[in-house]
Amino acid sequence: NYISSDKTDNQLVDMFTQLGLECTVSHYKNNFSDVLIGKVVKCVKHPNADKLKLCEIDLGSKVEEIICGAPNIKKGLTVPVAIIGSKVGDFKIRKVKIRDVYSNGMVCSGKELGINDDHDGIMIIDTKEKLGTPIEDILSFNDDVVFELDLTPNRGDCLSHLGVAREISILEN
């Protein structure tokens with residue numbers, strides 16, 4: 001917000017280090033693939049479990065039966081759905097049998113998708129987009145770049161964004 005730079009990430013790391021700011025850079029991408037927008041059209045108690053619900057999720061081109069244990073799942077919600085073959089974190093979603101009923105995917109929370117820390121229930125999405133649309137298209141995920149500065153006691157001037165922006169302005173003349 002304070003200053004822009006056309007230097008590459010690695011060039012900035014080198015330049016920060018030359019100015020006495022030990023710096024590292026990390027790149028973060030979304031940790032999921034093939035997660036679609038779905039609408040809960042039916043949600044009933046699982047026949048063989050107290051805390052699970054059997055849901056029918058409309059994905060636009062098809063309706064899938066998915067078992068969900070989230071307390072906030074109910075009919076009418078628009079939710080992110082990892083279909084069979086999707087990848088969420090290190091897990092590949094597959095068809096599984098839970099208490100004698102098959103689940104054809106997973107309704108996801110924000111924490112499972114790596115979007116936020118909310119793990120109290122499934123993520124609810126407010127959108128008018130077509131069902132079956134990948135959530136990357138709706139939530140417009142970008143790769144994040146994080147610069148981590150390790151400061152020495154004599155560099156208190158860089159304890160804020162403004163101080164770091166001043167250092168970048170030196171690099172950019």
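Mentor: First, the labels. Helices and strands here are DSSP runs, numbered from the N terminus; a helix needs at least four residues and a strand at least two. Keep in mind that this is a predicted model.

Our spot is Ser 109. Ser 109 sits in the loop between strand S9 (105-107) and helix H2 (110-113). Is Ser 109 buried or exposed? Ser 109 has a relative accessible area of 3%. The cut-off for buried is under 20%, so Ser 109 is buried.

What surrounds it? Set aside the neighbours within four places in sequence, and Ser 109 contacts Asp 118, His 119, Gly 121, Ile 122 and Met 123.

Follow Ile 122 next. Not counting residues up to four places away in sequence, Ile 122 touches Ser 109, of course, and also Cys 68, Ala 70, Asn 72, Ile 73, Leu 77, Val 79, Val 107 and Cys 108.

Ile 122 also leads us into the largest nonpolar core. That core has 15 residues. Ile 122, Ile 57 and Val 107 touch the most other members. Which elements give two or more residues to the core? They are strands S2 (32-45), S3 (53-58), S4 (63-68) and S5 (78-88). S5 gives the largest share, three residues.

Now look at Cys 108, one of the residues that Ile 122 touches. Cys 108 belongs to a second, separate core of eleven residues. Ile 37, Val 88 and Ile 135 are among its other members.

A cysteine raises one more point. A disulfide is a covalent bond between the sulfur atoms of two cysteines. How many disulfides does the whole structure have? A search finds zero. Take Cys 43 as a test. Its closest cysteine sulfur is in Cys 55, 3.5 Å away. The cut-off for a disulfide is 2.5 Å, so that distance is too far for a bond. Cys 55 is in no disulfide either, as its nearest cysteine sulfur is that of Cys 43.

From Ile 122 we stepped to Cys 108 and reached the second core.

Note on methods: Residues numbered from 1 in each chain as written. Predicted model: local features only at pLDDT ≥ 70, side-chain atom pairs only at ≥ 80, totals over all residues. Heavy atoms only, no water. Core = buried A, V, L, I, M, F, W, Y, C linked by side-chain atoms within 4.5 Å. Buried < 20%, exposed > 50% of the residue type's maximum accessible area, 1.4 Å probe, protein only. Contact = heavy atoms within 4.5 Å.
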